[in-house]
Amino acid sequence: MAFHVPGDIPDLQSLHLRVLDHSLGTITPCEVGFVNHEDMRDLIRRFPRLGDVFWRDTLIDAAIFREWMVGIGRRDAYGRIAHLLCELMTKLTAVGLADGVTCEMPITQAEFADALGLSTVHVNRVLQALRGNGLITLKGSTLTVLDWDGLTRAGEFDPMYLHLDPKHRDPKLAA
Amino acid sequence: MPRFYFDVGEGARFIPDDEGLEFDSLDRAEREAALAAAEIGRDRLPKGDARDITIEVRNEHRQRVLTVTVALHIDRVAPSPVAR
């Protein structure tokens, strides 16, 4: 499971496989670019350094999947949701779609629940607890992080697995 | 679709649900309440800050329609000394 942000290439996961073994969907109106797999493979054969870059991208996907596996297996709901909010804020800030404090969070509670293997009622309870503990506010679909250090502690969030440029590792620096 | 509200009680703590969720039947709402109570119990009960989790489900008129309770009982006993 993963939430992608603009600029991601989620379908690299199936570039060298015959069958797409998972599905991709949009949760907001999106502009989607499609590149023929054969054209992509041809491009990589002609420019091997692009192959390195795309390979690196899928390795980072794998790092994100590992982090999620640990979360779903070992973190309680409070930690899982805090971790996901940190991840989304960091990724959105890195691509210039958030300022490190506030971002659009169009993901519904039911979608959070489905992604993290929780019930919707539990997600609602945890979001209220995160609010009650002064870590975030959620007004409509706008998320504001009030206490970044507190939120990263709650989610045991260490952005290393996102392998971002050092200047994008800490959304606070963008604020 | 009818809307249901799920108020969560964790020991002395009470978390009211002001937003509610839509389910097509009371059976579905009951299933969600049971699942949520079990999950919240899994997270909270071993920490010992609450010994039972209750979820009260209310209908769109805010009338209570069911309550789910998940409790954890630990029975620690002092065994009598074993004769050697």
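Biologist: So what share of chain A counts as buried?
Modeller: Of its 175 residues, 43% do. Keep in mind that this is a predicted model.

Biologist: And what's the radius of gyration of chain A?
Modeller: It comes to 17 Å. A compact globule with 175 residues would be near 16 Å, so the value agrees with that. Along the principal axes, the C-alpha atoms fill a box of roughly 55 × 35 × 30 Å.

Biologist: OK, switching to secondary structure. How many helices and strands does chain A have?
Modeller: Six helices and three strands. The order from the N terminus is α-α-α-β-α-α-β-β-α.

Biologist: Now α2(A) and α3(A). At what angle do their axes cross?
Modeller: Roughly 160 degrees, with the axes of α2 (residues 48-74) and α3 (residues 77-94) of chain A coming within 10 Å. That angle is why α2(A) counts as roughly antiparallel to α3(A).

Biologist: Left-handed or right-handed crossing?
Modeller: The crossing of α2(A) and α3(A) is right-handed.

Biologist: Which residues meet there?
Modeller: On the α2(A) side you have A:Ile64, A:Glu67, A:Trp68, A:Gly71 and A:Ile72. They meet A:Arg80, A:His83, A:Leu84, A:Glu87 and A:Lys91 in α3(A).

Biologist: How do the residues of that contact divide by type?
Modeller: Into four nonpolar, two polar and four charged.

Conventions
Residues are numbered from 1 along each chain as its sequence is written. Chains are lettered from A and ligands numbered from 1 in the order in which they are written. This is a predicted model: local features need pLDDT of at least 70, side-chain atom pairs count only at pLDDT 80 or more; totals for chains, interfaces and linings use all residues. Side-chain values use heavy atoms; hydrogens and water are left out. Axes are lines fitted to C-alpha atoms, for helices over the stretch in contact, and angles run from 0 to 180 degrees between N-to-C directions. Helices (H or I, at least four residues) and strands (E, at least two) are DSSP runs, numbered from the N terminus. Angles under 35 degrees count as roughly parallel, over 145 as roughly antiparallel, 65 to 115 as roughly perpendicular and the rest as oblique. A crossing is left-handed if the near helix is turned anticlockwise from the far one by less than a right angle, and right-handed if clockwise. Contact means heavy atoms within 4.5 Å. Ala, Val, Leu, Ile, Met, Phe, Trp, Tyr, Cys and Pro count as nonpolar, Asp, Glu, Lys and Arg as charged, and the others, Gly among them, as polar. The radius of gyration is taken over C-alpha atoms; the globule rule is 2.2 Å times the number of residues to the power 0.38. Buried means under 20% relative accessible area, exposed over 50%, partly exposed in between (1.4 Å probe, protein chains only).
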